[in-house]
Amino acid sequence: MTNTESTPRHAAGGSKRPADSITGGQLPKHSWLLILALGWGIAAGILSVTDVFSIGGTAVLGMVLFFVLHYVASFAVEGRRRAADRLSRSVVTTFFLVALLPLGSLVWEVVSRGVARLDVAFFTETEAKTHIAGAQLGAAHALMGTLQSTAIAFLISVPIGLFTAIYLVEYGARTKLAAGIRFLVDVMTGIPSIVAGLFAYSLFSMIFGPGSAYTRTAFAGAIALTVLMIPTVVRSTEEMLKLVPNELREASYALGVPKWRTIVKVVLPTSLAGIVTGVILGIARIIGETAPLLVTAGYFQLTNPNPFSGTTATLPVMVYQSLRTIGPTAEQLHALGWAGALTLIIIVMGLNLIGRLIAWKFAPKTGR
Amino acid sequence: MKLRAVAALGLTAALALTACGGDSTGTPSTTESAPAATTSASESESTSDAAALSGEVAGMGASSMKVAQGAWTAKFMEDNSGVRISYAPEGSGAGREGIQQGKVAFAGSDEAFSIEDNKAGSFAACSADSGVLDLPVYISPVAIIFNLPGVESLNMTGELAAKIFKGDVAKWNDAAIAELNPGVTLPDEYIVVVYRGDKSGTTENFTDYLHAVAPSVWDNEADKEWPYTDGGQPAQQTDGVKSSVASGPYTIGYVDASAADGVGVAHLGKDGKFFAPDPEQAAAVVDNSELESGRAEGDLAVKLNREAEGYPIVLISYAIACAKYDDANTAELVKAYLTYISSAEGQALAAEQAGSAPLSDEMMGKVKAAIDSINA
Amino acid sequence: MSTQTPPAEQVGTESDDSHSLVRSKARYGDALFSGISSGSALMIFVILAAVATFLTSQALPAMTSEPDHTGLSEVSALGGFWQWALPLAFGTVWSAVLAMLMAVPLAVGIALYLSHYAPRRVARIFGYLIDLLAAVPSVVFGLWGLMVLAPTLHPFYKWLNETMSWFPLFNAWQAREDGELRPVLAVGGQNMLTAAMVLALMITPIITALSREVFLQTPLLHEEASLALGATRWEMVKQAVLPFSRPGIISACMLGLGRALGETMAVAMILPGKVLVTFKLLTYNNPNTIAAYIAQNFPESEGFGKMQLIAAGLILFIITLVVNMIARGIIASRREFSGAN
């Protein structure tokens, strides 16, 4: 902040304020640090005197005091408008930090409790040996189940999602039907995950009967996940296809290439990176889902190789189940559960990262 | 080596389907280390013996036995590589329905079939002329747990427990509590009741007990859902109750006894005699109760006597199997599996994994005899 | 967006007609391809119809029949399906509204920070940090809320109840039938406020991401004009950014609300819920949400009880549907508006 900058602001803002000095309307650059320390100090003092001292209380009260003091100081020196500006800046910055606090705490808790069991046995063993004291347990069964249900959901929802998006952009364009389908995709985006699970359960229990081995399976779970994944794929693919310049299509048509080959050879390759990103983010969306799988796939302590018959463990459900265990095996299973939670976070964040990297690397350059 | 021999004998006995149930009971010292010891012994043993068994059998029922059945099925399949046996913990009602409709070959349930329902012909899983056998295989005491800093156990009568859980006794230093616990320093704090918010057999059993011993205070019949929801904090499942009580001072709750470590535990009884929720005391109250009369031979429904000597809040879960199956292999598999779970080894495994109370020798003998009567 | 794309089909049909040599092959290929595409689009319709049909077919008997003992005992205890379902619907909406009250200022503030206050070079990384919150699976949020956040906040709740019990929402005392006051403060901080806080955290990244997009679309000319007239940054935000983005923020909030309404595991793990209606925040008498109630009771319920749970799920579906439609309506009207510019 230089003096030349401050002068016009001052003139515009505080007409009542005497402009006696050229630096008169400006708080020193790092004064906010001092005020922050002052705020926290006063807060700690007040709380100690009233005998309800706590670190959390001091932090919160200190921040409030900081806002007030900073505003008052700025108001006195710089005027109302600058004071409001400073207040808004400190408030939004604080909000940002407030959101990072739980994220940090969460990641720290999960990593510190889960990293110990993220060993080889975690990926190779199952919970089959819970009856042997001290035996290595693992999450292979849950990883297998998650792989099954996610893979099936992927195989169903990617073709449907892709072709729907192609229809919306290339064939339907501005027809009433396309508008209707777009609306339905929006509706689908809003389906709560547990409702998707209930749908898959009702579907299968009406076909096979409530207690049948075919009712609660990895496949039923995959159907529930499909309902959640399709709209993500459609929306992102549609956006990507729209970005393909029409000149490319027209050039292809002019060379006599039929429409379907134009789509396959020109439109899709052009937008491939974006589509892949959309699909990856779609997988990231469903791979951590717990509620629908709790209702559909259920739980099983061993690897269930058949996705069409019998309940199956999945990673999120395993985390939920194992951390609810009590009794002699609880300690072992809790460690397993935290390792599972860590694995989930790593998978989801990794998928997000990969998706973004692809999007960023191949993104068409835009103005802003 | 002796332990290994005894345990291996028990296992061999179970696998060979020989009628020696009473003989294979272990001494307490055996039961504690048996599962760990047998794993090495069983590997050589099972390969030769288990070849006789193969096939697939499905069971369904009470979730109270979830952990125990999980351990039993896993161990049984490990010892008998040709067998695939499953137990879906879908709930007692689902299990009983399952065997009636023929979906599963055996069921698990927290209550036995009533005499009226247990009629030949009403079970699709069984032969047309066969009823089912209710076999007590899993006994689990329910403990009243509390969190009073510095107090590890309190004496309570059933009536006092009912008053506390209903909210009629408001504070820990109430005269009714102090009277039964001379010498214990009780704080002047409100009691916070923690109950199971989900449907549960534990709640049903606990409320059944309260209604049985203090009907004037506890005027609600036994129910899977807690009746007096206004005056307490609900918690999900056993671990929810346990962690709420463990983390909140001045709370009281009820859980399966296996989960009662690290918090205060109430001793129950009357007339100056109070019993801890130990496996022995739980098994004792079952032995001191009578079998329901008027049932077929081998149909062992226990009529719990809540006033009997021993720890009175006990959950008995039954394995329900047909007296006669159509398919010989199914009969053989069910017999082998039930023989295993009701053997000393199976009971010890459940005690270690799920914290249940092993069947007494006497009950084990009765169950064994009943299982042997199953045929095709 | 769609305004920029001229209808591609006209071009397509022309090319078909003008190349008679490849006509038949192209026609088959095109017919097949457009058939698959329209078929997929219709699949969307079929799937949604199936969702509605199967849920309704399972739910209707539960909604219309008299309460009896074949279903959930809570339903028969309360004397009917609606006496049971409406309090749950209330709990669903109340928890979501509380979460919104916390999340909206937070999220909009963060979005403003990222778009207009943070140093440009690090804004992308900061934005990714916030997005990481969205990547945390809800079961992990539930674990963290139950085991870390709730116990941490419990002393604060105790203090609130002691010093501010005159404020009805913070009052955790309840009169018994005989008039005696008893404390009903939740054990271990497991109350509505904690659950709502975790919900707020979960929807913050969604609202942040969308509002940030909208903020960045503010015409640069407007911003520069405001600054050139001597406005401070905050005045510029008030004059140029916020008015432009208001519809976008509203629709972002509605989408966040939709997510909060349907969130299951975090609430199921943190909130000790009951079927009742209360606005109090700190007691153990909390209204449960539909989604959490289903997750907690689905495994143990049988036959008709499962159908009643599915019926509750249908109600949740309808609530979220209405919220989402309102959001889409706002977005659509805004599109027309900006298209006119």
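This is a predicted model: local features need pLDDT of at least 70, side-chain atom pairs count only at pLDDT 80 or more; totals for chains, interfaces and linings use all residues.
**Chain A overall**

Let's start with chain A, whose secondary structure comes to 14 helices and 0 strands. Read from the N terminus, then, its elements are α from start to finish. Of its 368 residues, 52% count as buried. Among the contacts in chain A with a separation of 6 or more, 70% are between residues 24 or more positions apart.

Helix 3 (residues 55-78) of chain A has 24 residues, and its reach of 33 Å from first C-alpha to last is close to the 34 Å expected at 1.5 Å a residue. Which of its residues are buried? They are Thr58(A), Gly62(A), Phe66(A), His70(A), Ser74(A) and Glu78(A).

Helix 11 (residues 259-287) of chain A is another story. A straight helix of 29 residues would span 42 Å at 1.5 Å a residue, but helix 11 of chain A spans only 36 Å between its end C-alpha atoms. Helix 11 of chain A also bends by about 65°, and the place to look is Leu272(A).

**A helix pair in chain B**

Over in chain B, have a look at helix 10 (residues 328-342) and helix 12 (residues 361-372), whose axes come within 10 Å and cross at roughly 175°. That angle makes helix 10 of chain B roughly antiparallel to helix 12 of chain B. On the helix 10 side, the contact is made by Lys335(B), Leu338(B), Thr339(B) and Ser342(B), while helix 12 of chain B brings Met364(B), Val367(B), Lys368(B) and Ile371(B). Sorted by class, this contact has 4 nonpolar, 2 polar and 2 charged residues.

Most residues other than glycine have a negative phi.

| Residue | Phi | C-beta neighbours within 10 Å |
|---|---|---|
| Gln237(B) | near 60° | 21 |
| Tyr250(B) | near 70° | 18 |

Gln237(B) lies in helix 8 (residues 237-247) of chain B, and Gln237(B) is buried. Tyr250(B) sits in the loop between helix 8 and strand 8 (251-256) of chain B, and Tyr250(B) counts as partly exposed.

**Where chain C is touched**

Between chain A and chain C, 85 residues of chain A are in contact with 82 residues of chain C. Where does the largest share of the chain A side come from? Helix 4 (residues 80-114) of chain A supplies that share, with 20 residues. By class, the side of chain A that touches chain C has 55 nonpolar, 15 polar and 15 charged residues.

Chain B meets chain C too, in a contact that takes 24 residues from chain B and 18 residues from chain C. Helix 4 (92-101), strand 6 (192-196), strand 7 (232-235) and helix 8 of chain B each supply at least two residues of the chain B side. Strand 7 of chain B gives the most, with 3 residues. The residues on this side of chain B divide into 7 nonpolar, 12 polar and 5 charged.

Note on methods: Residues are numbered from 1 along each chain as its sequence is written. Chains are lettered from A and ligands numbered from 1 in the order in which they are written. Axes are lines fitted to C-alpha atoms, for helices over the stretch in contact, and angles run from 0 to 180 degrees between N-to-C directions. Helices (H or I, at least four residues) and strands (E, at least two) are DSSP runs, numbered from the N terminus. Angles under 35 degrees count as roughly parallel, over 145 as roughly antiparallel, 65 to 115 as roughly perpendicular and the rest as oblique. Two residues are in contact if their C-beta atoms, placed from the backbone, lie within 7 Å. Ala, Val, Leu, Ile, Met, Phe, Trp, Tyr, Cys and Pro count as nonpolar, Asp, Glu, Lys and Arg as charged, and the others, Gly among them, as polar. The expected span of a helix is 1.5 Å times one less than its number of residues. The bend at a residue is the angle between axes fitted to the seven residues ending there and the seven starting there. A residue is buried if 20 or more other C-beta atoms lie within 10 Å of its own, exposed if 12 or fewer, and partly exposed in between; C-beta atoms are placed from the backbone.
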